[in-house]
Amino acid sequence: MERFTVTYRICADNETQAKQRAENIALEQTVEIPRDIVPSGYIEDVILGQVENISFEQDGQYLATISYSPDSTADELPQLLNVIFGNSSMQKGIKVIDLALGPEMEKRFTGARYGIAGMRQLTNKTNGGLIAAVIKPQGSNSETLAEIAHQCALAGADIIKDDHGLTNQHMAPFEKRCDKVTQAVQKANRETGGNTLYFPNIAGHSKDLMPYAKFAQEAGAGGILFMPGLFGFDFINRLTRIPEFNLPIMSHPTFLGPYVLSETCGFSYGMMFGTLQRLAGADISIFPNVGGRFGFSETECLSIVDACRNTKGPGCPIMPSPGGGMSKERAKDMKNMYNDDVVYLLGGSLLRYKDRIGEGIKDMRKALYGYSRNEW
C-alpha cells in the first residue's frame, strides 16, 4: 500500500541534527515509543514513520520528507491530522509545509464536492471573480440582516454570507435569521432572474451543528459557512460524506492565526488555508487579504491561492476568498494579483453605503470588470 508523505521545515544546526530531529518526528507521530523498543515486523516496517529525504534549505533550516502508512489513519480525518502533526506540533522549530496523499489516501479523502467548477455552475458565473457580500454587524436583528441581504442580491452579489460572529444570539437566532435571509435572497432572485447564494453560519453548541446544517438546506440556503478553527475540520469532512447533504461549504479562518504566524512553528500559509481546507472538503477558503488589517504579505497570500487552485492538491481545486480591507479602490490591483478563480469578500466597505448598500456591489463589479450587474 503506497504511503503518504509530509514535508516539514526543521530548524537544525547541521544535517546530522536535522536527520535526528526527523527520526524523532517519525517516532513521535506514529508509535510514540523509543526507537530501540519498536516491535519488529509490521509495526517497524509499516506503521513507523520513515524518513525519506533530508535537504538543506537555508542556514539553520532543513526540509525533511517523512512517509506514513495509510494503516495509521483509517479513514478518519482527525487521525490523519494527528499523524501529520500531533505531538510534534508542541515542539519548537518544526513547521508543516507540504502534504502528498498518494493514491490510497486520495480514495479515502476525496475533497470538495463542488470546487471551482462547481461553484461557477451553482452561481451561473462562467468567468470572472465572484463577489461575496457579508451581512453584519453582530447585534442586528434578523429583519435588518435580511434587508441588507435583499439589497445585495438585487445588486448582483454572487454569494451572501453571514458574518462569522452571527451564531445563535437572541438578537438574530440562527433558525429565524436563516429563514428570513433565505427568503429575502430568493425574493431578489425572482425579481432579477439572478442566482445569488446565501451561506448561513453554522455555529453554536457542538450538538447543534448538524441540525443547523440540515435546517439550512431545508430552508433553501445556497451553501453554509463554517469555522474549522473552532469546531474542527472533521465536521466539514462529515458533511461531504453525507449524500443527502448537497450544499457547498465556505470555510472561515477565525482562530487559525496561531497555526501560521510563527516563522518556525505550525503550518505554512498554503497548508493551513489551502491544502487542509481541500483535504476536509471546503469549496471556498477565506483568508486575510494583503494590505488589510491582518498583515498577511503578498507572498503568503499567493501561496494560499496556489494551494487552493493547483491541480496537485487533495481533491479538486477550490476557490480562495481574500477578505479584510477589500474595496473598489483596490479592485484592479486585486484582480491583477488573483485573476479570475477567486471570491472577493466585501464586508465593512459595503456598510459605508448605508441604505445604498447595493451600489457597493455594483461599484465593485464595475471596478473589477468595467460593468455593473445591469450592464452584464
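Predicted model: local features only at pLDDT ≥ 70, side-chain atom pairs only at ≥ 80, totals over all residues.
Reader: What is the mean pLDDT of the protein chain?

Author: pLDDT is the predictor's confidence in each residue, from 0 to 100. For the protein chain the mean is 95, and 98% of its residues reach 70 or more. Helices (H or I, at least four residues) and strands (E, at least two) are DSSP runs, numbered from the N terminus. Confidence is lowest in helix H14 (residues 348-351), with a mean of 82, and highest in strand E9 (residues 249-251), at 99.

Reader: In what order do the strands of the open sheet stand?

Author: Strands of a sheet pair through backbone hydrogen bonds, either parallel or antiparallel. Here, two strands pair if DSSP finds at least two bridges between them. The open sheet has 5 strands in the order E2-E3-E1-E4-E10, and its pairing is mixed. Strand E2 (50-58) and strand E10 (266-267) stand at the edges with a single partner strand each, so one side of each has no neighbour in the sheet. E2 and E3 run antiparallel and are joined by 7 bridges; Gln58 has Gln61 in E3 as its bridge partner.

Reader: How many residues of strand E1 are buried, and which strands does E1 pair with?

Author: Strand E1 (residues 4-11) is mostly covered, with 6 of its 8 residues buried. E1 pairs with strand E3 (residues 61-68) in the antiparallel sense over 8 bridges, and Thr7 stands opposite Thr65 in E3. E1 is also joined by 6 bridges to strand E4 (residues 94-100), again running antiparallel; here Thr5 stands opposite Ala100.

Reader: At what angle does helix H3 cross helix H10?

Author: Axes are lines fitted to C-alpha atoms, for helices over the stretch in contact, and angles run from 0 to 180 degrees between N-to-C directions. The axes of H3 (residues 77-85) and H10 (residues 233-240) come within 9 Å and cross at roughly 140°. H3 is therefore oblique to H10; angles under 35 degrees count as roughly parallel, over 145 as roughly antiparallel, 65 to 115 as roughly perpendicular and the rest as oblique. Contact means heavy atoms within 4.5 Å, and this contact is made by Leu77, Pro78 and Leu81 of H3 with Phe233, Asp234 and Asn237 of H10. Its residues divide into 4 nonpolar, 1 polar and 1 charged. In this scheme, Ala, Val, Leu, Ile, Met, Phe, Trp, Tyr, Cys and Pro count as nonpolar, Asp, Glu, Lys and Arg as charged, and the others, Gly among them, as polar. H3 also lies across E1, E3, E4 and E10, running at about 40° to E1.

Reader: Which residues of helix H8 are buried, and what covers them?

Author: An α-helix has 3.6 residues a turn, so residues three or four places apart point the same way. In H8 (residues 209-219), the buried residues are Leu209, Met210, Tyr212, Ala213, Ala216 and Ala219. Their cover includes helix H7 (174-192), strand E8 (224-226), helix H9 (228-231) and H10.

Reader: Where is Thr73, and is Thr73 buried or exposed?

Author: Thr73 lies in the loop between E3 and H3 and, at 1% relative accessibility, counts as buried. Not counting residues up to four places away in sequence, Thr73 touches Phe4, Gln79, Leu80, Val83, Met105 and Arg108.

Reader: Which peptide bond is cis, and which residues other than glycine have a positive phi?

Author: Most residues other than glycine have a negative phi, and most peptide bonds are trans. The bond from Lys136 to Pro137 is cis, with omega near 5°. Among residues with a positive phi, Asn124 has a value of about 55° and Phe255 one near 75°. Asn124 is placed in the loop between helix H5 (115-123) and E5, whereas Phe255 is found in the loop between E9 and E10.

Methods
Residues numbered from 1 in each chain as written. Heavy atoms only, no water. Buried < 20%, exposed > 50% of the residue type's maximum accessible area, 1.4 Å probe, protein only.
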